[in-house]
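Subject: Structure for you to look at

Dear colleague,

I am passing on the structure we spoke about, and below it I set out what was found. Please read the notes with the model open beside you.

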Amino acid sequence: MLSNISIKEIVSCFMVLFAIIDIIGSIPIIVTIKGKVGYLQARKTSLVACGILIGFLFIGEKLLKIIGIDVYSFAVAGAFVLFVIALEMILGIEINKMDEPQSASIVPLAFPLIAGAGSLTAVLALKAEYHTENIILAIILNMLVVYLVLKYSGKLEQILGPGIISVMKKIFGVILLAISIKLFTANIASLIGTIN
């Protein structure tokens, strides 16, 4: 097992997942959710997201097949959730009411924001190219970054200020909307193809 560990593979996997998870770009979303629920459970969110990603690495395809869901359906469902979050950010409306920080730590933070359709699909794609232990280490390293961003989201909010956060929220809302539409369009054709 240790003989398969490669710094190059870990870095490659880390960069792919880091780009897809985009926790830095998600700061405005995190601040929005924190504003709704009061505080975020950084450790719980990171651990749950880490568990989902590592679990999906081993049983993802089998699990989806067992419950009769393909990767395309999974991606389309994730796209809808991201679409709703994006609309809230852009329009300043509340569609998804979150009363408890415990529930907000799991949905929408751990899933689908961190361990979403994109990162879960990426994990399956990486599995075909890299050793499993390197992917696991890359996931853990990404979750450490996620933990730090969630833990210090309050300080990041203070540093950036409400004006910049507001502008960032709109900009990243549009970006998130675009990602959700891209995720939807990229997978809906394949999904319809599997139905026909």
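I begin with S119, which sits in helix α6 (residues 117-127), where helices (H or I, at least four residues) and strands (E, at least two) are DSSP runs numbered from the N terminus. Please bear in mind that this is a predicted model, in which local features need pLDDT of at least 70 and side-chain atom pairs count only at pLDDT 80 or more, while totals for chains, interfaces and linings use all residues. Residues are numbered from 1 along each chain as its sequence is written, and side-chain values use heavy atoms, with hydrogens and water left out.

S119 counts as buried because its relative accessibility is 2%; buried means under 20% relative accessible area, exposed means over 50%, and partly exposed lies in between, with a 1.4 Å probe and protein chains only. Its side chain reaches the backbone oxygen of I114 at 2.8 Å and the backbone nitrogen of G116 at 2.9 Å. Not counting residues up to four places away in sequence, S119 touches L17, I20, I21, L53 and I114, contact being defined as heavy atoms within 4.5 Å.

Two further buried residues lie in other helices. M89 belongs to helix α4 (residues 71-91) and, at 1% relative accessibility, counts as buried. Leaving aside neighbours within four places in sequence, M89 is in contact with P28, I29, T32, K169, K170, F172, G173 and L176. The C-alpha atoms of M89 and H131, which are 42 residues apart along the chain, are separated by 38 Å. N187 is part of helix α8 (residues 153-195) and counts as buried at 12% relative accessibility, and apart from residues up to four places away in sequence it touches Y72, A75 and V76. Between N187 and L156, 31 residues apart in sequence, the C-alpha to C-alpha distance is 35 Å.

K44, in helix α3 (residues 42-66), is partly exposed at 32% relative accessibility, and its C-alpha atom is separated by 21 Å from that of G78, 34 residues away along the chain. D22 lies in the loop between α1 (7-21) and α2 (27-37) and is partly exposed, with a relative accessible area of 32%. Phi of D22 is near 50°, a positive value in a residue other than glycine. Most residues other than glycine have a negative phi.

As for the chain in general, its secondary structure comes to 8 helices and 0 strands. Along its principal axes the C-alpha trace spans about 45 × 45 × 25 Å, and 41% of the 196 residues count as buried. Among contacts between residues at least 6 apart in sequence, 88% join residues at least 24 apart. The accessible surface, from the Shrake-Rupley method with a 1.4 Å probe, comes to about 10,300 Å², of which 69% belongs to carbon and sulfur atoms.

Notes:
Polar contact = N/O pair within 3.5 Å; in protein donor to acceptor, adjacent residues only side chain to side chain.
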